[in-house]
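Hi everyone, thanks for coming. I'd like to walk you through one structure today, so please have a look at it while I talk.

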Amino acid sequence: MYRDTRFRSRLEARWAAFFDLVGWRWTYEPFDTDGWIPDFLIHGEVPLLVEVGPCVMEPDYRRKAAKPLQALGHVTLVVGVSPILELDIGSDIPWSFAGLLVNDAPGLAEPVEWSRCDACRAIGVQQDDAGRPCGHRFSVGSPTDLELTTWWNRAGNAVQWRP
């Protein structure tokens, strides 16, 4: 239980607490599609669905993205066991991403970065030149891995098992 909502897993509850910490308004399991129930709807100027899974490595995220890919027309962020997905994209250092973003294009699930909107300072994910969920264009900067980890740890404390 978190904020009077019974989640199917502690991982989903932790993501709800994380969303609260970054200022995202959410609805849990907002609707059914044919064979898939999105875990969250993130409200905002540019709404975003979120699918949570026990994903650690990129192949885990890609497998989890299969259901949203079948429900095209819904842009969906696939997240895992941490708000930081490190991918080797050919640079000298690992690149940190929020997860995979499933777009309307058939079969397209691409890594997406966390961002901090230059206009409203909201935390979001950057897709092309528009940020989600605030909807402003050209987000500048992003939260640091330390900020993300701190919020993630606080979210974990908020949903800790208590007798």
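Some housekeeping comes first. This is a predicted model, where local features need pLDDT of at least 70 and side-chain atom pairs count only at pLDDT 80 or more, while totals for chains, interfaces and linings use all residues. Residues are numbered from 1 along each chain as its sequence is written, and side-chain values use heavy atoms, with hydrogens and water left out.

Let's begin on the inside. In soluble globular proteins, nonpolar side chains tend to be buried together. By a nonpolar core I mean a set of buried Ala, Val, Leu, Ile, Met, Phe, Trp, Tyr and Cys residues joined through side-chain atoms within 4.5 Å. Buried, in turn, is under 20% relative accessible area, exposed is over 50%, and partly exposed is in between, with a 1.4 Å probe and protein chains only. Helices (H or I, at least four residues) and strands (E, at least two) are DSSP runs, numbered from the N terminus.

So which residues have the most contacts inside the largest nonpolar core? They are Trp15, Phe18, Phe19, Trp26, Phe40, Leu77 and Trp114, in a core of 32 residues. At least two residues each come from helix 1 (10–22), strand 1 (26–28), strand 2 (40–42), strand 3, strand 4, strand 8 (109–116), strand 9 (123–127) and helix 4 (145–158). Helix 1 gives the most, with 7 residues. Apart from this core lies another, of 10 residues, with Cys55, Tyr61, Ala65 and Leu100 among them.

Now some individual residues. Contact here is heavy atoms within 4.5 Å, and my contact lists leave out neighbours up to four places away in sequence. Leu77 is in contact with Leu48, Leu49, Val50, Glu51, Ala98, Gly99, Leu100, Leu101, Val112 and Val125. Thr76 sits in strand 4 (residues 76–79) and is buried, at 0% relative accessibility. The residues that Thr76 touches include Trp36, Pro68, Leu100 and Val102.

Val112 belongs to strand 8 and counts as buried at 4% relative accessibility. Among the contacts of Val112 are Leu77, Phe97, Val125 and Gln126. Gln127 is 15 residues from Val112 in sequence, yet the two are 6.7 Å apart in space, C-alpha to C-alpha.

His43 is in the loop between strand 2 and strand 3, and at 24% relative accessibility it is partly exposed. His43 touches Arg25, Trp26, Thr27 and Pro133.

On to the cysteines. How many disulfides does a search of the whole structure find? The count is 0, taking a disulfide as a pair of cysteine sulfur atoms within 2.5 Å. Cys117 is in no disulfide, and its nearest cysteine sulfur, in Cys120, is 3.7 Å away. Cys117 is buried at 1% relative accessibility, whereas Cys120 is partly exposed at 36%.

Next, salt bridges. A salt bridge is a side-chain nitrogen of Lys or Arg within 4 Å of a carboxyl oxygen of Asp or Glu, and the count comes to 7. Lys64 pairs with Glu51, their closest N and O atoms being 3.2 Å apart. That pair links distant parts of the chain, with Lys64 in helix 2, Glu51 in strand 3, and 13 residues separating them. Lys64 is partly exposed at 26%, while Glu51 is buried at 5%.

Arg62 and Glu58 also meet in a salt bridge, at 2.9 Å, N to O. Both are in helix 2, 4 residues apart, so about one helical turn separates them. Arg121 and Asp118 form another, with 4.0 Å between the closest N and O atoms.

Finally, the surface. Val56, Met57 and Val81 make a nonpolar patch of about 270 Å². Patches are built from residues with over 30% relative accessible area and no salt bridge, joining like charges within 9 Å and nonpolar side chains (Val, Leu, Ile, Met, Phe, Trp, Tyr) within 5 Å. The areas come from the Shrake-Rupley method with a 1.4 Å probe, and for residues only the protein chains shown count as cover. Met57 lies in the loop between strand 3 (48–52) and helix 2 (58–64), and is exposed at 54%.
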